[in-house]
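Subject: Structure for you to look at

Hello,

Here is the structure I said I would pass on. Please open it beside this email and follow along.

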Amino acid sequence: MIDFLTSPDTYRHWRLNFTGEIAELMMDVDENGGLFDGYQLKLNSYDLGVDIELSDALQRLRFEHPEVKVVILKSGKERVFCAGANIRMLGVATHAHKVNFCKFTNETRNGMEDASEHSGLRFLCAVRGTAAGGGYELALACDSILLADDGNSTVSLPEVPLLAVLPGTGGLTRVTDKRKVRRDRADVFSTLEEGVKGKRAVDWRLVDAVAPNSKFDATVADMAKTLAATSDRPGGLGVALTPLVRDISGDAIAYSLVRVDIDRDARRATIAIKGPGAAQPANAAEVQAQGADFYLLKLARELDDAIVHLRFNELDIGTWVFRTEGDPAHMIALDDMLAAHQSHWLVREILNFWKRVLKRIDVTSRSLAALVQPGSCFAGSLAEIAFACDRAYMFSGEMKGDNRPEARMTLSGLNFGRYPMSNGLSRLATRFLGEPQTLESARALIGKQLDGFDSDKLGLVTEAFDDVDWDDEVRIFLEERASFSPDSLTGLEANLRFPGPETMETKIFGRLTAWQNWIFQRPNAVGPEGALKRYGSGVKAAFDKQRV
Amino acid sequence: MTNSSAAYVDGAVDYSTNIPNNIGLVNDARVLKALEQWHPGYLDWWNQMGPEGFQASDVYLRTAVSIDPKGWAQFGYVKMPDYRWGILLAPQDPNRLVNFGASKGEKAWQDVPGEHRASLRRLIVIQGDTEPASVEQQRHLGATAPSLYDLRNLFQVNVEEGRHLWAMVYLLQKFFGRDGREEAEGLLQRRSGDPDKPRMLGAFNEATPDWLSFFMFTFFTDRDGKMQLESLAQSGFDPLSRSCRFMLTEEAHHMFVGETGIGRVLERTCEAMKKAGIEDPHDTAKVRALGVIDLPTIQKKANLHFSLSLDLFGSEVSTNAANFYNAGLKGRFMETKIDDDHVLTNATYPVLKFVDGQIRMVDEPALTALNMRLRDDYVKDCQGGVGRWNKVIEKTGVNFQLKLPSVAFHRQIGEFARVEASPDGKLMTEADWIRMRDQWLPSSEDGEFIRSLMRPCWEIGQYAPWIAPPKVGIDSKGADFEYVAIHRA
């Protein structure tokens, strides 16, 4: 089992140093610390294990260190910044692992950009030595890149010439869309195994600046200072991300607010989420006082862990069913309080975190269904989960012999833009792309508990069924879903979940799914004579030269 | 040596152009122009970074006049800046093949195959970078030369390293377009030991503080150069092969300087010990009082330079080395003499590795173990020279033997970079190693002592008291020949 829970005292690959508003995040990968056997993480190359720690470090910077305004990303190795994803690992990994790995690393890098844009946490990448492939992509996720001008330090995306694949963490998209490198130069750059260094790297906008070794540290400090001046992070005390309580036994995973039950025969996981209780903080200071025990923060951490756990460790479980339970009114009250205090750094972090968890759901290649039943709590922030699903079925009316409250959907202000999807729109705006008037009708219903009939009429759920039809309809849907080709479902869902505008993020995920994953399957990359299989053997790959 | 005809005679060295050559440069206007543009920058570099203080002196140097292995060199007095650096390639064999790797059996390439452009350029740039680096490292040594003979040898080595730079620059200018021109410029811009523009390889950024270091460098580090050149001489890219083959004829002299230099130091020390009746070579105080370098210090210097030179071979198991071989770009030492399939896709090679806390032999795929193999050949080659040094000691009756340290000792690169080992290969803690360091590597005190001996000896036929004269001089001249006519400005 791949475990995503870690903490700085157990890191093997990263070191964090804090000096006031500047933090150093140093990558110093332990060669022998690979997640699996069969490869060594040489030259600061990484595998999922390295990225799990990075992801954890970023979370801690956000929550535990509000005093940090700038993170300086650097290497702990002498002559290499980062050689990218470990190629031998990719050579031995299953296709599914590679795809999941790329998805997770993309989420981590998007998270860095999110931290800068929405939480004021800036990133400065201080590249000394080679930054190749995923190493340069890590740099690309930062606000600023400084490259040592020592004749040896280079940035490169050598995937095409060296490995017959594509950069897997948004490298090509960020080169053209974020750094706005001219497309023909980007073409030259992406076929140049040895990369680009010095002045040309600046001229082509691949990096922001170069500095000779003797001025490197001073330039880093200057750039960090400049970046810090653009940050609105407040300082003060953070919130300790205390260890999550998780119990995995048999086919159940139990957290405090989340419970996953796996039905292996049906290839289905049910994810049940508890809504908030009645007693909730009234303001940001009380949220801070609760710290990691605050409802939405705790829920985000638990659900986040459950998602990545299921993604990586339960590949056969093709359908996820979300249920919630609780009092919708409590959730709406909590949302209102959070909305009122969202300029507070911690509230902002928590809302941003929940946004990222929802995005993780969006890009999960599983069939997603929400079941809105009596006693459920699909309200406000929790209703977003239903909107993220491919289908949402709602129980309409009374259930015989059930004394729980009737099924309701409830909207809060947060449903209208605080949790944008990767396409930049809220889930509701995406849902009602063709009927903007519906979006406005929904806005007018904020705070109203909508029953099955009204929710169906408004379009918040796929269908509402009454007592007569519910069991059969839900069963048939789930059984039918499980009978389709998992590949075609992945493609279908990824196509339909993101209507509307393209953003850098949708491009990155879309192209990862479409192109990289296709190339990763092709014999030219992974066949017995393919480049990934032969990498490091010294024997050249043999290509099928036919263009497809 | 006059050749006024512009017509190029195959194989002869053409001195009609500014740049002597045997490749028909006169008929290749583009490359000639590129090299002529590079030339002033090179001279600037030589004047700034070349031997300090002797640029106006007449030095008895050899200059290549043909590539005939028997009579290629001509000796005469030259002022170093007037040295005719040129481009000399071993003769072309029209039937030469790619002799190893996936393209084995194809005709050797006369142009750079597009797919190997980056790899070849990198190999040539790295090789090229070492040549000016050693000149830079040695530029202050003239001031403390122990004799005119040694001074001349130093300068011969220097001008030839300069010529080797030309050889690599020619390849870059001729075959690699704009990138090649930029790299050729880069070779003049980097500086040994400069924190901002260091030379590419670690050992070439170390200081060469004294003549003992110089001899050790030419013995150990130039021998790495020889091994690299030997393996590049096997290249399927024919111009590289031809360049390196000719460079090897010059490189032999550099190692001769190192081996005989140390040999003469040993001889002088042992004779002085015998004369003074000192039996214990480890009684360094007594030996040093004689004004000669004690044998344990020589061993420490050898330990240092051997370990630094081993790092130049890179990681024992290397994907790059495998790729270079399979692509037909860089072969093994004596490739064509080795009895195997020269493809190596199914072969293994034993590699000394650090596994589970122990140093052990592990069979690795032969392709990825090529650095290890070349290093093994190198160690064997070094061992031969050390054996000859021990003969010098033995002949004097002093009871002492020099030894090569373990390959695990004092390493910065490869399997043993993260462990500490003694010269005899015992693993130890870092604290213990640091405690023993000065027993095994030159201490600052050793350095000071050596420096105290480094006083110039520029009288004709005179030799500094810490080194014996050579048995014979250069070009059959005696030890008392005026090898350098020092011009004091």
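Below are notes on how to read the model, then on each chain, then on the contact between them.

This is a predicted model, in which local features need pLDDT of at least 70 and side-chain atom pairs count only at pLDDT 80 or more, while totals for chains, interfaces and linings use all residues. Residues are numbered from 1 along each chain as its sequence is written, chains are lettered from A and ligands numbered from 1 in the order in which they are written, and side-chain values use heavy atoms, leaving out hydrogens and water.

Chain A

Chain A has 22 helices and 23 strands. Both are DSSP runs numbered from the N terminus: helices are H or I with at least four residues, strands are E with at least two. The radius of gyration of chain A (taken over C-alpha atoms) is 24 Å, close to the 24 Å of the globule rule for 548 residues, so chain A is as compact as a globular protein of that length. That rule is 2.2 Å times the number of residues to the power 0.38. Along the principal axes, the C-alpha atoms of chain A fill a box of roughly 75 × 55 × 45 Å.

Chain A is split into domain 1 (8–228), domain 2 (249–497) and domain 3 (504–534), with bounds from an automatic or database domain assignment. The C-alpha centres of domain 2 and domain 3 of chain A are 32 Å apart.

Over all chains, the structure holds 80 salt bridges (a side-chain nitrogen of Lys or Arg within 4 Å of a carboxyl oxygen of Asp or Glu). One of them joins A:Glu107 and A:Arg311, at 2.7 Å from N to O. A:Glu107 is in helix H3 (residues 95–119) of chain A and A:Arg311 in helix H11 (residues 295–313) of chain A, so the pair ties together parts 204 residues apart in sequence.

Chain B

Chain B has 12 helices and 7 strands. Its radius of gyration is 23 Å, close to the 23 Å that the globule rule gives for 489 residues, so chain B too is as compact as a globular protein of that length. Helix H10 (residues 370–396) of chain B contains B:Val379. B:Val379 touches B:Phe306, B:Leu310, B:Leu404 and B:Val407, leaving aside residues up to four places away in sequence; contact means heavy atoms within 4.5 Å. B:Val379 and B:Leu310 are 69 residues apart in sequence, yet 8.7 Å apart from C-alpha to C-alpha.

Where the chains meet

The contact takes 22 residues from chain A and 22 residues from chain B. About 1,800 Å² is buried between the two chains, 34% of it from carbon and sulfur atoms. Buried area is the accessible area (1.4 Å probe) that two parts lose on being put together, summed over both. Across this interface there are 6 salt bridges. B:Glu115 forms a salt bridge with A:Lys540, their closest N and O atoms being 2.8 Å apart.

Regards
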